[in-house]
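User: Could you show me how to read the features of this model, taking one kind of contact or surface at a time?

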Amino acid sequence: MKAPHFYRLAALTAVAALPLALAAPASAATAITFDCQADAPVVGPQQVSLTQNADVTAPATVAPGAAFDVVIDPAPNTVPSDVGGNKVKNINTFALKFPVPANSTYVGADLAGGSGLGDTPPTISVADGVATLSFPGPIAGGATFELPTITAHLKAGDSGTIETKLSGTSYSDPGLTFKAVASSIIGDVTAPTACFPNPSPVFTTTTIG
């Protein structure tokens with residue numbers, strides 16, 4: 001099995017965890033580069049860089065204490081049916097994280113659209129200042145899917161700027177995790193994968209004032 005090709009699967013999920021937008025909007029089509037490490041049986045840890053585009057919108061300015069939204073709209077993707085000569089069975093168990101931005105308070109989030117993600121809809125949970133978009137999947141090899149559009153409802157603080165970005169600084173502190181399953185000459189192989197944005201872009205900046 002050609003492990004570096006196998007772990008291209010991580011790119012297919014690198015979209016859902018950005019904080020989100022609205023009002024006198026500043027928009028950006030953002031290309032995210034993920035540095036991923038997959039813990040592959042037999043061959044050991046494998047590294048690969050992955051990219052994913054996303055449209056992110058947020059207000060350029062907001063009044064102190066005012067409510068506002070940040071929105072991310074991910075593009076459709078297709079899971080490969082065959083990678084490195086090995087049949088891809090599925091990718092599953094997704095968790096994508098983003099920090100609640102400094103100088104803001106998280107109020108809630110809405111998910112809209114999305115398709116091909118399995119029987120269990122994605123959910124967002126927040127703990128210790130980090131929001132996590134997760135769903136179990138699986139998404140079959142060769143299938144097309146689209147992550148939901150996420151609208152995060154935030155409340156501005158008293159002053160400063162509010163920057164949205166992904167979580168993750170290293171393989172041991174990932175912003176994206178998932179598992180990929182493929183058939184190989186040694187049987188089904190499951191590779192837990194940890195990714196972080198490298199570099200980690202600022203998607204939107206909102207000035208309080």
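Analyst: Lys-89 is partly exposed, with a relative accessible area of 38%, where buried means under 20% relative accessible area, exposed over 50% and partly exposed in between, using a 1.4 Å probe and protein chains only. This is a predicted model, in which local features need pLDDT of at least 70 and side-chain atom pairs count only at pLDDT 80 or more, while totals for chains, interfaces and linings use all residues. Residues are numbered from 1 along each chain as its sequence is written, and side-chain values use heavy atoms, with hydrogens and water left out.

User: Which residue forms a salt bridge with Lys-89?

Analyst: Side chains of opposite charge can pair when their charged atoms come close. A salt bridge here is a side-chain nitrogen of Lys or Arg within 4 Å of a carboxyl oxygen of Asp or Glu, and Lys-89 forms one with Asp-188, the closest N and O atoms being 2.8 Å apart. The pair links distant parts of the chain, 99 residues apart, with Lys-89 in strand 7 and Asp-188 in strand 16; strands are DSSP runs (E, at least two residues) numbered from the N terminus.

User: Which cysteines does a disulfide join?

Analyst: A disulfide is a covalent bond between the sulfur atoms of two cysteines. With the cut-off of sulfur atoms within 2.5 Å, the count comes to one disulfide, which joins Cys-36 to Cys-195 at an S to S distance of 2.1 Å. Because Cys-36 lies in strand 1 and Cys-195 in strand 16, the pair ties together parts that are 159 residues apart in sequence. Both Cys-36 and Cys-195 are buried.

Terms used: Helices (H or I, at least four residues) and strands (E, at least two) are DSSP runs, numbered from the N terminus.
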